[in-house]
Amino acid sequence: MIYKPFQELKLSALGFGSMRLPTAGKGGPIDEVKARELVEYAYEQGINYFDTAYRYHEGESEKFMGRVLSELPRDSWYLASKMPGHMMYYRNGRVGFSGYLSSMAVKTPREIFLEQLEKCRVDYFDFYLLHNLCETSYDFYTDEDLAVVDYLLQQKKAGWIRHLGFSAHGRAETIERFLNWRDDFEFAQIQLNYMDWSLQDAKRKYEILTEHGIPVMVMEPCRGGRLAELPPQAGAMLKKARPEDTIASWAFRFLQSLSNVQVVLSGMTTMEQLKENLTLFSREDPTTPEERALLEKVVGMMADLVPCTGCRYCMEECPQGLDIPKLISMYNELKHDGMGTVRFTLDAMTPGELPGACLGCGACRRICPQGIDIPGILKDFAQRIQNHSVNG
């Protein structure tokens, strides 16, 4: 197992994510026999970083991980969990759950944190995160009256949190704004893989975190398994380059080439996946510049991205003041993945910032160095948003 230094610790480069534990039937409860076998084998083979969250597996993930890990020496493993502020609100002095948690009884951040300690059977969290910093959760996490971050810093001072960080599905500018607001965070967890390097602008997110001196924990290294099984033509390109390697190995080797990646979290459901990943992280084997160029071709083939370079010339001519590069980036993501995480950004935007505000005047198209039909793209984007709203 490869280990990387994190302050005074040595963390396994491969972490165990507990969002996709094996279940008894599709969508059923955790299959505790199979899941225990995975966690114990991962630990025996050198994995020491385990990640969970408040509502993984309908709230049962924390309990399960607590039961299994509590049987092992406490100083031999590190546990991370998260405050579910992305599914909460604070209005008129009251805190509540939102979205799919809205039916749950109201709880304060303090009540949630104490509950998590009990569920996980720990006296402290080695790593604790704000869950999903994004455009819709930003105000909750930064509200000065609610003071979530101040509360968690108090718990850190008291020894109940060893290291404080955040996970994020927000856009790069949101992450940078957050870091400029407070500099109390020691690590960050983002969705990072060779496809999202361009599709979700993960490259810029990674660069921002690196510039701030913040180590990166990676989630979705294989995009929920989609980078483990590529379309035939794309897969053939990678097999030709390295015939003996699995398709999934390219995703992990890409991440090994990024020096500020601390831990790569993988939600491993089967023993086969776990053993393959352990083999991949038994030695350093990062992608070469030539291989990364090949991965860019594979992404281009799969994603059919609008070739916006973000030069921003188009914005100089837009009478509506639209952030066109941002909208095109979101359009690329929506076209490939559906609404997905794009909804976090859309929900926080005003009508005047949305693609529907485009007048279709064509001034942007005339100045675009790439010759992109920007008005046509924004019209299609607006229609896709409308269709999603109508269809729920």
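Biologist: Which helices and strands each supply at least two residues of the lining of the largest pocket?
Modeller: β8 (125-133), β10 (187-191), α10 (247-256), β12 (261-266), α11 (271-280) and α15 (342-347) each give at least two residues to that lining. Keep in mind that this is a predicted model.

Biologist: What volume does the largest pocket have?
Modeller: The volume of the largest pocket is about 1,200 Å³.

Biologist: How many residues line the largest pocket, and which lie nearest its centre?
Modeller: The lining has 48 residues. Nearest the centre of the largest pocket are Met19, Arg20, Tyr56, Glu220 and Gly224.

Biologist: How do the residues of that lining divide into nonpolar, polar and charged?
Modeller: The lining of the largest pocket has 21 polar, 16 nonpolar and 11 charged residues.

Biologist: On to the second largest pocket. What is its volume, in Å³?
Modeller: The second largest pocket comes out at about 560 Å³. Its lining is made of 30 residues, and Arg171, Ser198, Gln200, Asp201 and Ser329 are the ones nearest its centre.

Biologist: Which element gives the largest share of the lining of the second largest pocket?
Modeller: Helix α14 does, with 6 residues. The elements that each supply at least two residues there are α6 (172-181), α7 (196-199), α8 (202-211), α14 (324-337) and α15. α15 also supplies at least two residues to the lining of the largest pocket.

Biologist: And by class, what does the lining of the second largest pocket have?
Modeller: It has 10 nonpolar, 10 polar and 10 charged residues.

Biologist: Change of topic: helix packing. At what angle do α1 and α2 pack?
Modeller: Helix α1 (residues 32-44) packs on helix α2 (residues 60-69) at about 55°, and their axes are 11 Å apart. Because of that angle, α1 counts as oblique to α2. The crossing of α1 past α2 is right-handed.

Biologist: Which residues make the contact?
Modeller: From α1 they are Glu32, Ala35, Arg36, Val39 and Glu40, and from α2 they are Phe64, Met65, Arg67, Val68 and Leu69. The contact of α1 with α2 has 6 nonpolar and 4 charged residues, and no polar ones.

Biologist: What about α1 and α11, how far apart are their axes?
Modeller: The axes of α1 and α11 are 10 Å apart, at an angle of about 15°. Angles under 35 degrees count as roughly parallel, so α1 and α11 are roughly parallel to each other. Their crossing is right-handed.

Biologist: And which residues of α1 and α11 make that contact?
Modeller: Glu37, Leu38, Tyr41 and Ala42 of α1 meet Met271, Leu274, Lys275 and Leu278 of α11. By class, the contact of α1 with α11 has 6 nonpolar, no polar and 2 charged residues.

Biologist: Last pair, α9 and α12: at what angle do they pack?
Modeller: Helix α9 (residues 232-241) and helix α12 (residues 289-303) pack at about 170°, with axes 9 Å apart. That is over 145 degrees, so α9 and α12 are roughly antiparallel to each other.

Biologist: Which residues in α9 and α12 meet?
Modeller: In α9, Gln233, Ala234, Met237, Leu238 and Ala241. In α12, they meet Leu294, Leu295, Lys297, Val298, Met301 and Met302. The contact of α9 with α12 has 9 nonpolar residues, 1 polar and 1 charged.

Conventions. Residues are numbered from 1 along each chain as its sequence is written. This is a predicted model: local features need pLDDT of at least 70, side-chain atom pairs count only at pLDDT 80 or more; totals for chains, interfaces and linings use all residues. Side-chain values use heavy atoms; hydrogens and water are left out. On a 1 Å grid over the protein atoms alone, a cavity is a set of points where a 1.4 Å probe fits but cannot get out, and a pocket is an open set with protein on both sides within 12 Å along at least five of seven lines; lining residues have an atom within 4 Å of a point. Grid points are joined across faces, edges and corners, and a volume is the space filled by probe spheres set on the points. Helices (H or I, at least four residues) and strands (E, at least two) are DSSP runs, numbered from the N terminus. Ala, Val, Leu, Ile, Met, Phe, Trp, Tyr, Cys and Pro count as nonpolar, Asp, Glu, Lys and Arg as charged, and the others, Gly among them, as polar. Axes are lines fitted to C-alpha atoms, for helices over the stretch in contact, and angles run from 0 to 180 degrees between N-to-C directions. Angles under 35 degrees count as roughly parallel, over 145 as roughly antiparallel, 65 to 115 as roughly perpendicular and the rest as oblique. A crossing is left-handed if the near helix is turned anticlockwise from the far one by less than a right angle, and right-handed if clockwise. Contact means heavy atoms within 4.5 Å.
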